[in-house]
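The following exercises concern one protein model.

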Amino acid sequence: MKQGFKNITDTFVPLQIENVDTDQIIPARFLKATTREGFGKNLFRDWRYENDDETKPKQDFVLNQPQYKGAILVAGKNFGCGSSREHAAWSIVDDGFKVVVSSFFADIFKNNALNNGLLPVTVSDNFLQKIFNQDNNATISVDLEAQTITIDATGKKESFEINAYKKTCMINGYDDIDYLLNSKDAIEQYEATLA
């Protein structure tokens, strides 16, 4: 069982790039491991380092700029497109992010994120631009129970959609098996009515 998620208020990392695919999120050459740990250090690897050398970070890439930090990644439209690799969600979570915000997510990435404790928040293009217009100390509040995202400095707020089942799982830190195990009494009561 993972840690549950209800709300967060934090600064954000602005990745103002559209059509970020899963190979850019975590390049294929790093997909050899079968556990979820250790992928964060290779998040956006080819954008982060010169010639794949960790001692040569690219200063113009946002994750290498110390003024940008926080557990919320704000990305351009069509985030997570490309292949269906679950490792993309693993790498984002392993690097410390709890929420990723965009105006559009690829469906498979969105489901992989939800299955791995990463909350994908879909906002309008207009609201996304308002977030990008904030300075690097600005905070965003995401309330999963109320299904809202707020730019704290301006009070601007939008609602977001999430599947009710996935919302329950995120709030309680359940994966699919945890959900079933926690529903055991209700399942047994229902089975008793069929006997």
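**Exercise 1.** Determine where Lys167 is found, and decide whether Lys167 is buried or exposed.

*Solution.* Step 1: Lys167 belongs to helix α6; helices (H or I, at least four residues) and strands (E, at least two) are DSSP runs, numbered from the N terminus. Step 2: the model is a predicted one, in which local features need pLDDT of at least 70 and side-chain atom pairs count only at pLDDT 80 or more, while totals for chains, interfaces and linings use all residues. Residues are numbered from 1 along each chain as its sequence is written, and side-chain values use heavy atoms, with hydrogens and water left out. Step 3: buried means under 20% relative accessible area, exposed over 50%, and partly exposed in between (1.4 Å probe, protein chains only). Step 4: the relative accessible area of Lys167 is 17%, so Lys167 is buried. Step 5: leaving aside residues up to four places away in sequence, Lys167 touches Leu144, Glu145, Gln147 and Ile162, where contact means heavy atoms within 4.5 Å. Step 6: from C-alpha to C-alpha, Lys167 and Pro120 are 11 Å apart in space, although 47 residues apart in sequence.

**Exercise 2.** Decide whether Lys157 is buried or exposed, and list what Lys157 touches.

*Solution.* Step 1: Lys157 has its place in strand β7 (residues 156-159). Step 2: the relative accessibility of Lys157 is 54%, so this residue counts as exposed. Step 3: Phe127, Thr148, Ile149 and Thr150 are touched by Lys157, not counting residues up to four places away in sequence. Step 4: Ile140 is 17 residues apart from Lys157 in sequence and 9.7 Å apart in space, C-alpha to C-alpha.

**Exercise 3.** Explain why helix α3 is largely enclosed by the rest of the structure, and state what its buried residues pack against.

*Solution.* Step 2: the buried residues are His87, Ala88, Ala89, Trp90, Ser91 and Ile92. Step 3: these buried residues pack against α1 (22-25) and α4 (107-115). Step 4: just after α3, Gly96 has a positive phi of about 105°.

**Exercise 4.** Describe how α3 and α4 cross, and classify the residues of their contact.

*Solution.* Step 1: two packed helices are described by the angle between their axes and the distance between the axes. Step 2: the axes of α3 and α4 come within 8 Å and cross at roughly 50°. Axes are lines fitted to C-alpha atoms, for helices over the stretch in contact, and angles run from 0 to 180 degrees between N-to-C directions. Step 3: α3 and α4 are therefore oblique to each other; angles under 35 degrees count as roughly parallel, over 145 as roughly antiparallel, 65 to 115 as roughly perpendicular and the rest as oblique. Step 4: Ala88, Ala89 and Ile92 of α3 make the contact with Phe109, Asn112 and Ala113 of α4. Step 5: by class, this contact has 5 nonpolar, 1 polar and no charged residues. Here Ala, Val, Leu, Ile, Met, Phe, Trp, Tyr, Cys and Pro count as nonpolar, Asp, Glu, Lys and Arg as charged, and the others, Gly among them, as polar.

**Exercise 5.** Decide whether Asn112 is buried or exposed.

*Solution.* Step 1: Asn112 lies in helix α4. Step 2: with a relative accessible area of 12%, Asn112 is buried. Step 3: Asn112 touches Ser84, Arg85, Glu86 and Ala89, not counting residues up to four places away in sequence.
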